[in-house]
Amino acid sequence: MTLKPILLALALGAALGVTNASAQVIELKLGNTTAAGGNQSLVAEEFAKRVNEKLAGKVKVTVFNNSQLGNERELLQKLKIGTVDISQPSTIMSTISPEFGVFDMPYLLKDRAHVARFVDKIFWTDLAPKAEAKGYKIIAVYENGIRHITNNKRPIDTPADLKGLKIRIPKGVWRQNMFEAYGAVPAPMEFNELFVALQSGVMDGQENPLTNIYGAKLNEVQKYLSLTAHVYTPSFLTVGTERWAKLPADIRTDIEKIAKEVQPWALSSGEKEDVEVLDKLKKSGSIAINTANRDAFVAASKSVYELFDKEVPGGKALVEKTLALAKEGS
Ligand code: EAX
């Protein structure tokens, strides 16, 4: 080997973020905001495990939970500049592309089978390219989960019970519109600031999937858990398009294949966790649990759909296409 190819190989290694030059392993950092035990953390571990097994010696994915690599907004920025390789943005994607607000239409996605059909038949053609045009390539759709409300004032049965409550929401205008329609006072805040905000009373409540509530111990600083199931929030396994393009083509193909293979795992894990975590929360006695009046919430959600139709071009058609997939076998 002459000097030139060696230098070239070294330069290429540096460009790809290869830290262990002798093994030539591509090290990829995956950043999550959720605590261990959150659906996003669980699925990230599963994805990393499969990549690290199947691409052993070639790729090593390391998962960082608890916003260790940044909060949801910072992680998006870091994907762009390439200092974080993979992340799992969730609600915040509607700030990148308004069509992602479809996931904030209350009670639209009926169950996980409906989610799977949506991902299969609508997501890759109608939504993923919108994010890609903004520099974010989504390589798989995983689960954040079915969201419920916790707070420190009173059990929530109907939207009227939310009146005046300060509810922390993730960044995303549609979650904001939704909670305003319900009469609450929603405030966007990053997940890593949530525990203290609830503990100190800066916020009365919040809304999240059960695994995030239990994983981040929010039940220890909240009195009431009201099962509203107002939305199903996916999480999107995402890479920055520029950083991604620098990886070798065969590695990209392999990682993408593995990422998509984990999708059904994410749904079944989410389903199992919902049952198990609810049971743990019940047994812990740490929080009073009630099931909210679904019909009252559905009725109060009408204006959110109307606004989506008015403000997002193609919004109404997207909702209708989604509804058309609600039936089994559609
Ligand atoms: O992707 O911040 C939140 O509430 C979200 O559920 C999520 O954990 C961030």
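**Accessibility, contacts and helix packing**

Q: Where is Lys 80 placed?
A: Lys 80 belongs to helix 3. A helix is a DSSP run of H or I with at least four residues, a strand is an E run of at least two, and both are numbered from the N terminus. The model is predicted: local features need pLDDT of at least 70 and side-chain atom pairs count only at pLDDT 80 or more, whereas totals for chains, interfaces and linings use all residues. Residues are numbered from 1 along each chain as its sequence is written, and side-chain values use heavy atoms, with hydrogens and water left out.

Q: Which residues does Lys 80 contact, leaving aside its neighbours within four places in sequence?
A: Lys 80 is in contact (heavy atoms within 4.5 Å) with Lys 134, Gly 135 and Tyr 136. The C-alpha atoms of Lys 80 and Lys 134 are 9.6 Å apart, although 54 residues separate the two along the chain.

Q: What accessibility class does Gly 101 fall into, and why?
A: Gly 101 has 0% relative accessibility and therefore counts as buried. Gly 101 lies in the loop between helix 4 (93–96) and helix 5 (112–133). Leaving aside neighbours within four places in sequence, Gly 101 touches Ser 94, Trp 174 and Phe 308.

Q: How are helix 6 and helix 13 arranged?
A: Helix 6 (residues 173–181) and helix 13 (residues 302–311) pack at about 140°, with axes 9 Å apart. Axes are lines fitted to C-alpha atoms over the stretch in contact, and angles run from 0 to 180 degrees between N-to-C directions.

Q: What makes the contact of helix 6 with helix 13 nonpolar, polar or charged in its parts?
A: The contact residues divide into 6 nonpolar, 2 polar and 1 charged. Ala, Val, Leu, Ile, Met, Phe, Trp, Tyr, Cys and Pro count as nonpolar, Asp, Glu, Lys and Arg as charged, and the others, Gly among them, as polar.

Q: How do we know whether Thr 228 is buried or exposed?
A: The relative accessibility of Thr 228 is 4%, so this residue counts as buried. Thr 228 sits in the loop between strand 8 (224–227) and strand 9 (232–240).

Q: What makes the pairing of the Thr 228 and His 230 side chains a polar contact?
A: A polar contact is a pair of N or O atoms within 3.5 Å; within protein, one must be able to donate a hydrogen and the other to accept it, and residues adjacent in sequence count only if both atoms are side-chain atoms. The Thr 228 and His 230 side chains make such a contact at 2.8 Å.

Q: Which side-chain atom of Asn 144 lies 2.9 Å from the ligand, and what does it face?
A: A polar side-chain atom of Asn 144 faces an oxygen atom of the ligand at that distance, 2.9 Å. For Arg 147 the corresponding distance is 3.1 Å, and for Asn 208 it is 2.7 Å.

Q: Why is the phi of Asn 66 noted?
A: Most residues other than glycine have a negative phi. Asn 66 is not a glycine, yet its phi is positive, about 55°. With a relative accessible area of 47%, Asn 66 is partly exposed.

Conventions. Buried < 20%, exposed > 50% of the residue type's maximum accessible area, 1.4 Å probe, protein only.
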